[in-house]
Amino acid sequence: MLSSHLYWFLYRRRNKFLILCIIIFCTLFYFHKNDTQQTSKTKDQSIKLKNIEHGKKIRVNRDTYSTPEPCQGCPGENGQGVQLTAEESVNLDAVMKKEFFNLRASEKISLWRSIPDTRDPLCKSVEYPPDLPTASVVIVFKNERWSPVLRTVYSVLNRSPKHLLKEVILVDDQSDIEEMGQRLDDYCEEHFGDLVRVLRAPVRFGLIKAKNYGAKNATGDVVIFLDAHCEANVGWLEPLLLRIKEKRSAILCPGIDMISDTNLGYGGTGDGSIGGFWWSLHFNWIPIPQRIRDAQKTRIEPYPSPTMAGGLLAAHREYFFEIGGYDDDMEVWGGENLEISFRVWMCGGSLEFVPCSRVGHIFRPGHPYNMTGAKGKGDVHGRNSMRLAEVWMDDYKRFYYMHRYDLKGKDFGDVEDRREIRKRLNCKSFKWFLENVYPEKFILDENVHAYGEVRNPSTSLCLDTLGKDEKGSIQLAVFSCQNGASANQFFSLTKTDQLRREDTCSLSTGRGSDSVGVALSQCEYSDKNQKWTHEKNGTIIHHPSKLCLDIEGLKNNDQINLKKCQPNKPSQQWLFEHYSTT
Ligand code: LR7
Ligand code: MN
């Protein structure tokens with residue numbers, strides 16, 4: 001229309017003045033348009049992605065965090081858990097056994113759903129600079145199902161500013177699930193163009209090598225790993241990128257929210273914890289120590305953590321490889337999270353939790369894939385952990401082998417390349433890590449009077465936890481002494497007079513009577529009920545009660561008692577495996 005009028009005017013040369021006006025008008029219009037583009041990038045940069053099954057058509061707008069069109073009445077909206085009908089629940093057990101989460105509930109939820117904003121309210125007013133580094137999100141998967149994987153992808157696309165998200169890379173680690181084959185390629189191509197790439201592992205890599213593979217193919221400044229059953233929350237990306245912009249050598253974890261494996265409800269978890277570890281080289285959560293809280297200027301700034309859970313992290317891509325990526329010879333699952341944690345700290349970087357970044361994860365009680373590696377003879381976590389202990393833990397690896405006596409002398413492959421990294425980067429010792437990064441960690445044979453197994457010589461029975469989970473309070477028992485082959489029999493008598501294990505302390509479970517049980521529960525330095533001494537006459541006395549550990553009449557698996565002290569009674573005689581000389 002406009003051009004035909006223009007033509008008409010020009011053709012007729014009716015009025016030079018009019019032409020001049022048009023030129024001026026066009027120039028003004030051009031500059032005005034450029035100006036508005038600068039101030040509101042949103043319009044031009046939004047990308048139209050097609051419908052996402054279930055629910056209404058939604059235009060996926062990657063520029064803003066704006067909540068999408070609500071899928072009114074759809075199951076699971078606002079992060080609600082999903083109730084299945086009786087019909088839908090038929091044989092649900094079999095589904096749960098195979099997938100380890102409620103696939104049917106997941107399939108009822110839109111691939112793009114709203115979830116509650118679980119951030120600290122303070123996070124909402126943080127302003128981020130526009131020139132943050134870009135991110136590649138790498139999601140590896142083995143036998144993961146369509147709906148959680150695509151929901152992960154959509155949450156990332158929808159909740160990341162477009163100019164900061166370089167790409168999403170899906171690495172299929174040889175899944176056996178048909179829908180994740182060609183159908184996934186086609187879907188991604190049709191809906192996301194080159195924004196989401198699917199890479200196929202040529203052989204089964206295991207998640208550790210698969211993550212390396214994904215990161216090697218990434219092109220963003222920052223690489224972010226997510227498990228394939230996550231949901232990124234509002235504003236999750238910017239705080240990670242900002243921190244990496246400030247500190248290239250910081251490896252960052254978002255706060256991890258809980259997505260229920262049974263009904264897919266999305267729940268916040270708060271920020272009460274940092275990552276620790278057991279000497280068995282399993283990850284655990286510990287309460288944030290006061291020293292860390294004190295060092296924070298505001299409660300929403302990133303804070304250091306000794307270790308991480310593993311799956312969800314952001315790192316400067318080049319830095320990630322400079323410090324050695326992941327150990328490519330670790331198989332299938334496990335150990336890489338502690339390995340990278342120790343390594344980043346010891347080699348001059350830091351590991352931090354970023355409270356304003358929140359991502360949900362489906363916690364599953366099992367794995368929908370084979371956990372057997374080619375080399376680990378089935379025990380992939382054991383072998384992977386051996387590799388990390390051998391490279392990073394110096395003499396402290398003894399505590400790992402105390403737990404895994406069976407692995408002593410077993411093959412853990414070649415670790416020369418990994419030791420080379422440690423040399424090249426001039427990394428600090430594991431002792432430095434314990435003293436400076438994780439001073440809360442109890443070291444089983446330091447600052448103790450005695451340690452090791454606690455034997456009654458007349459019966460050759462030893463104090464024993466019987467392998468019970470020490471997360472809760474458990475009764476202390478006795479069992480035939482294993483001569484160091486069982487971590488269940490390892491105790492330390494500390495210089496602060498606690499008779500303790502790695503994380504729990506002994507205390508009496510009653511008062512006054514002449515046969516009182518002994519439990520292991522959370523250590524409290526100020527709790528007098530946790531005070532014990534080992535006397536020269538061989539007894540072990542519980543202080544507040546003045547009663548002695550007594551094994552009279554006990555056999556394997558019986559609970560130990562406290563009785564009135566009688567120093568000459570053989571059932572009250574105890575010997576620790578080692579006595580400290582210092
Ligand atoms: O052989 C495999 N190949 C894979 O690609 C095995 C698994 N995988 C994929 C899998 O499909 C998934 O997407 O790897 C990802 C992680 O596997 P999960 O989800 O079965 O593992 P997890 O959640 O039980 O494991 C945690 O510990 C692992 C140890 O190796 C990894 O570090 C996981 O990434 C990690 N997950 C988290 O930390 C999520 C947050 C948990 C918390 C708190
Ligand atoms: Mn997971």
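Residues are numbered from 1 along each chain as its sequence is written, while chains are lettered from A and ligands numbered from 1 in the order in which they are written.

- The mean pLDDT (the predictor's confidence in each residue, from 0 to 100) is 89 for the chain, and 87% of its residues reach 70 or more.
- For the complex, the predictor gives an ipTM of 0.99 and a pTM of 0.88.
- Over residues 54-59, pLDDT stays under 50, and the model has 14 contacts beyond four places in sequence there; two residues are in contact if their C-beta atoms, placed from the backbone, lie within 7 Å.
- Residues 63-67 also stay under 50, with twelve such contacts beyond four places in sequence.
- Where pLDDT is low, the predicted coordinates should not be read in detail.

**The overall build**
- The chain has 16 helices and 25 strands, taken as DSSP runs numbered from the N terminus (helices are H or I, at least four residues; strands are E, at least two).
- Of its 582 residues, 42% count as buried; that takes 20 or more other C-beta atoms within 10 Å of a residue's own, with exposed meaning 12 or fewer, partly exposed in between, and C-beta atoms placed from the backbone.
- Among contacts with a separation of 6 or more, 73% join residues 24 or more positions apart.

- Val-138 belongs to strand β1, and it counts as buried because 26 other C-beta atoms lie within 10 Å.
- Beyond four places in sequence, Val-138 touches residues including Ile-169, Lys-211 and Phe-225.
- Glu-167 is 29 residues from Val-138 along the chain, yet their C-alpha atoms are separated by 8.5 Å.

**Helix α9**
- Eight of the ten residues of α9 (residues 237-246) are buried, among them Glu-238 and Arg-243.
- Those buried residues pack against β1, β4 (222-226), β6 (250-259), β11 (313-316) and β12 (350-362).
- Leu-241, one of the buried residues of α9, is in contact with Leu-132, Pro-133, Ala-135, Leu-164 and Val-222, leaving aside neighbours within four places in sequence.

**Around ligand 1**
- Ligand 1 is surrounded by 23 residues, the closest being Lys-142, Leu-207, Ala-309, Gly-310 and Gly-311; a residue is near a molecule or strand if its C-beta atom, placed from the backbone, lies within 6 Å of it.
- The elements giving two or more residues to this shell are β1 (135-141), α8 (207-216) and α12 (336-346).
- By class, the shell has eleven nonpolar, seven polar and five charged residues; Ala, Val, Leu, Ile, Met, Phe, Trp, Tyr, Cys and Pro count as nonpolar, Asp, Glu, Lys and Arg as charged, and the others, Gly among them, as polar.
- In α12, eleven of eleven residues are buried, including Glu-336 and Trp-345.
- After α12 comes Gly-348, with a positive phi near 100°.

Definitions and conventions:
Predicted model: local features only at pLDDT ≥ 70, side-chain atom pairs only at ≥ 80, totals over all residues.
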